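Dear colleague,

I am handing over the structure below, together with a short account of what was found in it. Please read the account with the structure open beside it.

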Amino acid sequence: MSAEVLSHYDDALRAAEEHRGAELILRNAFGAERMIDAADWYTDHLPGDAGLLARCSGPTLDVGCGPGRLTVALNRLGGPALGVDISSTAVRIARRRGAVVLRRDVFHPLPGHGRWQDVLLADGNVGIGGDPCALLQRCHDLVDTTGRVHVELSPPGVRSWAGRATVRGPNDRPAASFRWAEVAADDLVTFAGPAALRPVDTWREAGRWFVSLAKN
């Protein structure tokens, strides 16, 4: 991810921490725009988190953990959890909130390779890197033989895509381009199959869509 994109992301996280406007505008590969509020990542609990957290039964890796909402929640529930994020601002905030976090790209070496019981791709993080097949394959390799990859998806009927997107914040700085993706619930098998993962549980909570994947 470019320095420009990280700068927009970091600005939004700092704004959320300071309880001021933290909106980002994401324009997808088709030119459609939607607003993302970084305050959702900073809150202690987002509606829909409960079912996701309940399905984490062992050591959990929170990929793209941001300011640590889910990592902190898992620790409070008594489960070991590690967050990873490429943003130094996200890591700083998450650590201050009590999370164990590494500043790391998920595609770079990570501790516990092949031994994690659960891997989280929440808050749209299945889009990381702009190649859901590659990301799910990476998650496949990170979990153990009985592990699960828990993925938050877009609602059925939404158009899945992968490619170049842009993001901009509430300031006057130009939008920054990066690779991202979005996967609708009814398209998941297209991406999970090549990664040797299969759905074993699907659910909807608070208007959010989720699936748990196991190794084939």
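In β7, aspartate 118 has arginine 148 as its bridge partner; helices (H or I, at least four residues) and strands (E, at least two) are DSSP runs, numbered from the N terminus. The model is predicted, with local features requiring pLDDT of at least 70 and side-chain atom pairs counted only at pLDDT 80 or more, while totals for chains, interfaces and linings use all residues. Residues are numbered from 1 along each chain as its sequence is written, and side-chain values use heavy atoms, leaving out hydrogens and water.

Strands β6 (residues 116–121) and β7 (residues 143–153) run parallel and are joined by five bridges. They belong to an open sheet of seven strands with mixed pairing, in the order β5-β4-β3-β6-β7-β11-β10, where two strands pair if DSSP finds at least two bridges between them. At its edges, β5 (101–103) and β10 (197–205) each pair on one side only.

Leaving aside neighbours within four places in sequence, leucine 213 is in contact (heavy atoms within 4.5 Å) with residues including Leu136, Arg148 and Val151.
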